[in-house]
Amino acid sequence: MNTSLVTLTIGQSPRSDILPLLEEHLPAEQVAHAGLLDGLTLAEVEQHYAPAAGDKVLVSRMTTGEQVRLSGPKVEQGLQRKIIELEQQGYDTILLLCTGEFGALKSQSALLLEPDRIIPPLVKAIVQDHKIGIVVPVEEQIAEQASKWRHLSTPPCFAVASPYLAEHADLVEAGLSLQEQGADVVVLDCIGYHQKHRDFLQKMLGIPVLLSNVLVAKLAAELIV
């Protein structure tokens with residue numbers, strides 16, 4: 001096997017929506033792609049991964065472009081199975097393409113890169129005491145983000161705009177909301193956000209906008225030998 005790194009999305013692979021962005025930092029010939037929902041129909045996804053009442057909600061996409069809402073606990077169980085499979089296939093590094101918070105994912109030999117463990121401390125070091133505005137795909141995730149960002153010096157503010165469904169008006173509304181809440185820096189906290197979302201909000205607000213997927217892709221690139 002010539003590839004040493006594999007990306008693992010909670011949706012379906014390859015992630016054609018963000019693949020060009022990832023390939024700016026990751027050499028295509030050394031990277032493979034896998035997805036938790038690979039091979040499943042939309043009906044099968046809803047059957048096996050739909051959120052139950054009270055579940056943490058995660059969001060991803062099918063290769064056909066549909067947004068899917070997924071149960072956090074069910075996704076975590078499925079990801080653990082996929083991690084074991086990918087290690088057995090010989091991958092040295094597994095890059096998780098999801099910024100959701102997971103508590104118990106483990107690898108035996110491969111280096112597992114989890115954005116939820118990387119991005120918050122990195123952003124904290126960058127912004128220090130400045131107020132962060134965080135954009136998430138769905139409303140339910142705002143309450144779920146409290147634990148993930150608990151170590152920030154200044155409590156963050158939030159806005160909602162799905163990277164898969166957002167219209168221009170949704171991004172405008174999210175930007176105005178963050179501006180009203182006093183954000184100094186914006187974090188687009190879902191792997192699905194794209195450079196176009198970053199560029200639009202940065203131009204609109206005149207403040208730095210960080211893409212989670214770029215942050216982890218740059219780190220992963222340093223691990224490829």
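What is the volume of the largest cavity? The largest cavity holds about 210 Å³. The structure is a predicted model, in which local features need pLDDT of at least 70 and side-chain atom pairs count only at pLDDT 80 or more, while totals for chains, interfaces and linings use all residues. Residues are numbered from 1 along each chain as its sequence is written, and side-chain values use heavy atoms, with hydrogens and water left out.

**Cavities**

- Searching the whole structure gives two cavities of 30 Å³ or more. A cavity is a set of points, on a 1 Å grid over the protein atoms alone, where a 1.4 Å probe fits but cannot get out, and lining residues have an atom within 4 Å of a point. Grid points are joined across faces, edges and corners, and a volume is the space filled by probe spheres set on the points.
- The lining of the largest cavity comprises 21 residues, with L58, T99, G100, Q141 and Q145 nearest its centre.
- β3 (57-61) and α5 (140-148) each contribute at least two residues to that lining. Helices (H or I, at least four residues) and strands (E, at least two) are DSSP runs, numbered from the N terminus.
- Ten nonpolar, five polar and six charged residues make up the lining of the largest cavity. Ala, Val, Leu, Ile, Met, Phe, Trp, Tyr, Cys and Pro count as nonpolar, Asp, Glu, Lys and Arg as charged, and the others, Gly among them, as polar.
- The second largest cavity has about 30 Å³ of space, and its lining is formed by L19, L22, E23, L26, A28, V31 and H33.
- Both α1 (19-23) and β2 (31-35) supply at least two residues of this second lining, and α1 gives the most, with three residues.
- The lining of the second largest cavity has five nonpolar residues, one polar and one charged.

**Largest pocket**

- The largest pocket contains about 200 Å³ of space. A pocket is an open set of points with protein on both sides within 12 Å along at least five of seven lines.
- Of the 13 residues that line the largest pocket, D116, P120, P121, K148 and H151 lie nearest its centre.
- α4 (115-127) and α5 each supply at least two residues of the pocket lining, with α4 giving the most, five residues.
- Five nonpolar, two polar and six charged residues form the lining of the largest pocket.

**Helix α6**

- α6 (residues 168-180) has 13 residues and spans 19 Å from its first C-alpha to its last, close to the 18 Å expected at 1.5 Å a residue. The expected span is 1.5 Å times one less than the number of residues.
- L171, A174, G175 and L178 are the buried residues of α6. They fall within an arc of 95° seen down the helix axis, so they line one face of the helix. The arc is that of the directions from the helix axis to the C-beta atoms.
- A169, E173 and E180 are exposed on the other side of α6. Buried means under 20% relative accessible area, exposed over 50%, and partly exposed in between (1.4 Å probe, protein chains only).
- β7 (132-136), β8 (157-160), β9 (185-188) and α7 (195-205) pack against the buried residues of α6.
- G182 follows α6 and has a positive phi, near 85°.

**V185**

- V185 lies in strand β9 and counts as buried at 10% relative accessibility.
- Leaving aside neighbours within four places in sequence, V185 is in contact (heavy atoms within 4.5 Å) with V127, K131, I132, G133, I207, P208 and L210.
- The C-alpha atoms of V185 and V123 are separated by 9.6 Å, with the two residues 62 apart along the chain.
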